[in-house]
Structures are given as C-alpha cells and as structure tokens.
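The reader may wish to keep the model open while following the text.

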Amino acid sequence: MSTKKFIGRGLIVAILCLLVMHVNEVIGFGAKLFAVAYPLLLGCVFAYVLNILMVRLERIYAPKSNNMLIVKTRRPVCMILSVALLVFIVFFVLYLVIPQVVNCFVIISKGVPEAIDELIAFLISKSDEIPTFQKELKNLNLDWGNIFNKVSTGLMKGTKGLWESATTFLGSFVGTVTNIVVGIIFSLYVLACKEEVGEKISRVMKAFLNRTVYEKISYVLKVVDQCFSSFIVGQVTEAIILGSLCAIGMYVLRLPYAGSIGALVGLTALIPVFGAYIGAVLGAFMIVTVEPKQALVFLVYLLILQQIEGNFIYPKVVGSSIGLPGIWVLAAIMVGSGLGGVVGMLVGVPIAASLYKLVRNATSKREQQREYLPNNVKPM
C-alpha cells in the first residue's frame, strides 16, 4: 500500500473515531442543521410536487409554438398556474369540510344534555324492580347551567396554563406558516431554473465521481423519480375518482353532506388503502348528527364503493403505474405507518416501489449474466 493511501485511510479512521467519541454532539449539531435547512428541504418537496403539475401544463401551453413571447412566458405562466391550482384545491376542500365538521360538534354539544336526560328517564322507567335505585335517579337533578358554570370556573382557574399553552401553540403555528412560506418561495426559485440547477449538479458529480459511480447514481435517481411521480399522479387521480363517485352516489341516495363528505373521502384517499376507511368513519360521524339511519346506508354504500375501488380502480390507476404487487403495497403501508405515521404511509409505497424495481432489475441482469435467465424469458 502506498504512503498516500495509508495516510488517507488513517485520516478516515481517525475521523470516524472522533465521531463515535462525540456522538451526542454530532447528533445535536445534525438536529440544529436540519432545523435550519428544514424550510429549504420543504421547498424542494413543494418544487417536486409542483413540477409534476407544471410539466403537464407546459405540454398544454402551446408546446410546439416558436413565438418568442409564448416561449418566454411558458415557464412563469405554468408555474403560477400550478401554484394557483394547488392552492385553490386545498382551500376548496377545506371550505367544504371544515364548516360541516364544526357544525357537527355544535350539534353534538347541544344534544348531549338532552341525550343524558333521556337516558335517565329511560333508566327510571326500567328500574321498578330496584326501588332504591329508582329513588336515587328521581332525586338526581342535573342543573346544566350550574354544571357549565362550574366547568367555566375551573377553566378560568387554569388561565395561566391555558395562556402558556396558547402562546406555545401560537409560536408553533407562526413557525409552521413561516416555514411553509419560505418553502414555497424557495420552490419557485428552484422551478424557475430547474434545468440550470440539474446541469450544475450533474457537472459536480461528473467532476468528483468516476463514470461507473455516476451512472449508477443517475440510474437510481431516475428510478426513484419515476416511482414517486407515477405514485403521486396515480394516487391523486384515484382520490379524485373515489371522491367524485362517493359524492355522486350520496346525491343519488339523497344522503346529507354529499359534497363535503365526497371531498373528505377524496382527501383521505390520498393515504393508500386505509385512507378511504378513515373518510368513511368521519363521514358517518357527520351524518349521525343529522340522521343516524342514513349513516348506516352511507357505510354500506362506501363499503361497496371501496371494494370496487380496491379491486378495479386502484390496481389499474396506481398499481400498474408503480409496478408494485399488492402484498408489497400493504407491507409498505404497515412499515411506513409504524416508522413515520401518516407521512410514512404516504412515502412508504413509492419507496418500496423504487427498491422493488431496483432489486428486480438487478436480479434479472445478474441472472442473464450467469445464464440463469434466457433472453426470451420475461424478468421477474
């Protein structure tokens, strides 16, 4: 071994030893660095999602025109339209869902005292065989005004704690909004010059990596990009189809909150497999506050719709686009939810699809090299 290689490897070992010895400081520094870079990372995520929509809009915006005005305005116009369309969809869904959810809680808060009084009256009528219990129920006089006053007094005593909680929540809310705004602004800069950024990254990689490593990294990134973009497009398409079918069916069955619940089911359907069931529970909760019997009709209808969606729509729209078998989709969701909650459920499927595709292609290539797989046989 040459002296130069020996010194280089010695330095690497020394650095690794220092990192192990000061692992807590390294973790703390990494956490601070992540907190500082979080808005920029969020902006990269926004840019990736917006780019999927922007690319499709650019294909519509006179793609074959050589007019200089159209060529110069294609990128900014499509970028602005992408942001505007995404913001409109988010606010439209919130406009449909939030007022109805608030209304449900108002109805429940008004109906709880009446329900308790009716329960007490029912127990009194059925307690003839236990005179002592019946007497206690009759003597039970619930003064709801006094109860609410006591609750309000108790809440007022905890004003200091509530104020501190409110201050913490407000600070967290402002921080979140700031990160989102900075992320959106950064994403617009990335989208405006994405070709230039991509070219510079490619030049740096070519300059510091050998050709084989560069090609392997480029191949992996290409596969990951294909899986993630296909998953996002397929999942959004599937969510729109499911939400629309839910709303149309509810209108036909004359169920309440058809538009709101349809939007809610479509929104929760962005979570693979389990999302529609979450929307079903929330939708049934909203309907129960108006007409409990119709909630059962809604659940039966959505169960049938979910079976159609799971067996016909999802495999065609999402499954075929990412090329991941159903069993691995379920496994990816379970593992992703355990590691990262809702976010893990969302990214688990495209990550699993990327790994599956990479392993499948590598296995087929290795089999062909070892002559285990003839060229005329379909790879796994």
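## The second largest pocket

In this predicted model, the second largest pocket has a lining of 25 residues, and those that lie nearest its centre are Tyr 48, Asn 51, Lys 194, Gly 198 and Asp 225. The space in this pocket amounts to about 920 Å³. Sorted by class, its lining comprises 16 nonpolar, 5 polar and 4 charged residues.

Which helices each supply at least two residues of this lining? They are helix 2 (23-60), helix 6 (159-192), helix 7 (194-208) and helix 8, and of the contributions to the lining that of helix 8 is the most, with 8 residues.

## Helix 2 against helix 8

The axes of helix 2 and helix 8, two of the helices that supply the pocket lining, come within 11 Å and cross at roughly 75°. Because an angle of 65 to 115 degrees counts as roughly perpendicular, helix 2 and helix 8 are therefore described as roughly perpendicular to each other. On the side of helix 2 the contact is made by Tyr 48, Val 49, Ile 52 and Arg 56, while helix 8 brings Asp 225, Phe 228, Ser 229, Ile 232 and Val 233. By class, this contact has 6 nonpolar, 1 polar and 2 charged residues.

## Helix 8 against helix 9

Helix 8 (residues 211-253) also packs with helix 9 (residues 258-268), their axes coming within 8 Å and crossing at roughly 155°. Since angles over 145 degrees count as roughly antiparallel, helix 8 and helix 9 are therefore roughly antiparallel to each other, and their crossing is right-handed.

From helix 8, the residues Ala 239, Leu 242, Gly 243, Cys 246, Ala 247, Met 250 and Tyr 251 meet Ala 258, Gly 259, Ile 261, Gly 262, Val 265 and Gly 266 in helix 9. By class, the contact of helix 8 with helix 9 has 9 nonpolar, 4 polar and no charged residues.

## Helix 9 against helix 10

Helix 9 in turn packs with helix 10 (residues 275-288) at an angle of about 155°, and their axes are 7 Å apart. Helix 9 and helix 10 are therefore roughly antiparallel to each other, and helix 9 passes helix 10 in a right-handed crossing.

Ser 260, Ile 261, Leu 264, Val 265 and Thr 268 of helix 9 meet a set of residues in helix 10 made up of Gly 275, Ala 276, Ile 278, Gly 279, Leu 282, Gly 283, Met 286 and Ile 287. The residues of this contact of helix 9 with helix 10 divide into 8 nonpolar, 5 polar and no charged. Ile 261 and Val 265 of helix 9 take part in this contact and also in the contact with helix 8.

Conventions
Residues numbered from 1 in each chain as written. Predicted model: local features only at pLDDT ≥ 70, side-chain atom pairs only at ≥ 80, totals over all residues. Heavy atoms only, no water. Axes fitted to C-alpha atoms, helices over the stretch in contact; angles between N-to-C directions. Helix = DSSP H or I, 4+ residues; strand = E, 2+ residues; numbered from the N terminus. Parallel < 35°, antiparallel > 145°, perpendicular 65-115°, else oblique. Left-handed = near helix turned anticlockwise from the far one by under 90°. Contact = heavy atoms within 4.5 Å. Nonpolar A, V, L, I, M, F, W, Y, C, P; charged D, E, K, R; others polar. 1 Å grid on protein atoms, 1.4 Å probe; cavity = no way out; pocket = protein on both sides within 12 Å on 5 of 7 lines; lining within 4 Å. Points joined across faces, edges and corners; volume = space filled by probe spheres on them.
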